[in-house]
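I opened this notebook to keep track of what I looked up. The entries follow in the order I made them.

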Amino acid sequence: MAFLVPDSEYTANGVKVNEYLLTKHNPNNIDMPWAEITDLIGITIHNTDWITTASGTHPSEQYSRAVVNNRMGDVRVHFYVDDIDAWQNLPLTLSGWHAADGDGDGNRKTIAIECIMSSDYNVKDQKSEDNAARLAAWLLTKYNLGIDRLYTHNHWYSPKYCPAYILPHWDKFVDLVKKYMGNPVNNTPVVNEEMYRIRKDWNDPKTQIGAFKNLDGAKSAWKEGYYIFNSKGEVVYPAETAHEKKMCTVILEQLYKGCESASVQTLQNLLDDVGYNLVADGKFGSKTESAVIDFQKKNGLDADGIVGSLTWQSLIEAE
């Protein structure tokens, strides 16, 4: 599918917003939320990772396009925001699927902002976060809501440590939103204490199954195949083996046909190591896709040609 063309554009607190509503554009008949927001109570902040983009576009558009193409499962948010601009996917009067609380207040009564960034917290990440703060402030002001109506994803679903890259400095983010609102309210809790997170890989927050303030609590919930990380991303339980350390060095970036990056080259080298005889040119073409699908079939994975965390893990273990 070609790049999306917005139906309209507007500016929210200095952020360019491209409006492309799934209620108007649904060529692939993806499942859609149906409940109206009749009692808006706040704004929910999420984090998602940077992705490889096609030439001529950038992540907020590509994530929106992935939703249209049914590549984002059942996730439906109102906005994707990166360091350049924002794309609006849902009307502000329609509930989303984002808070993991079913028919709870998170999904039914808040507007979702998905901020695209990473744990590096470099200039690009900070600009993306700044754009998300500007948009959140605009929405809170628009609906006459106080800063106490700014929520994290894990407020609605505590096992999900999200927004993973903003939570370690949540108080700083709240202050930034206050600044852009121009009407500070000092009643939002600060989240800056040590947290122990249970994940398969520190660089893949989507594998997280819990976050705890107490290490003993994390150990009680630990499962085979997972690790407990402190807030610095260091494994505190159990000790890593050489193989497991290698797992943590692989960039667990979702890849699919059309991607072109160093991560694709890593993928091709791994496929070559298990017998697929590919040229590691960094371009995810038909031959690479066929090899991925064949590998997925042989290893009991969904044979969709999309390389996610499970396919990465299986490839490394198969070496």
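I started at V123, which lies in helix α3 (residues 123–142). I took helices as DSSP runs of H or I with at least four residues, and strands as E runs of at least two, numbered from the N terminus. The model is predicted: local features need pLDDT of at least 70, side-chain atom pairs count only at pLDDT 80 or more, and totals for chains, interfaces and linings use all residues. Residues are numbered from 1 along each chain as its sequence is written, and side-chain values use heavy atoms, with hydrogens and water left out.

Is V123 buried or exposed? I found V123 exposed, at a relative accessible area of 69%. Here buried means under 20% relative accessible area, exposed over 50%, and partly exposed in between (1.4 Å probe, protein chains only). I also looked up D83, 40 residues from V123 along the chain. Their C-alpha atoms are separated by 9.1 Å.

Next, the whole chain. I noted 10 helices and 11 strands. Of the 319 residues, 51% count as buried. I then checked contacts (heavy atoms within 4.5 Å). Among those with a separation of 6 or more, 61% join residues 24 or more positions apart.

Then the cysteines. How many disulfides does a search of the whole structure find? It finds 0, a disulfide being a pair of cysteine sulfur atoms within 2.5 Å. C115 is buried, with a relative accessible area of 0%. C162 is buried too, at 4%.

Last, helix packing. Two packed helices are described by the angle between their axes and the distance between the axes. Axes are lines fitted to C-alpha atoms, for helices over the stretch in contact, and angles run from 0 to 180 degrees between N-to-C directions.

I took α8 (residues 262–273) with α10 (residues 309–318). They pack at about 45°, with axes 9 Å apart. That makes α8 oblique to α10. Angles under 35 degrees count as roughly parallel, over 145 as roughly antiparallel, 65 to 115 as roughly perpendicular and the rest as oblique. On the α8 side, S263, T266, L267, L270 and L271 make the contact. On the α10 side, I listed W312, L315 and I316.

I then paired α8 with α9 (residues 286–298). The angle is about 55°, and the axes are 11 Å apart. These two helices are therefore oblique to each other. L267, Q268 and L271 of α8 meet T288, A291, V292 and F295 of α9.
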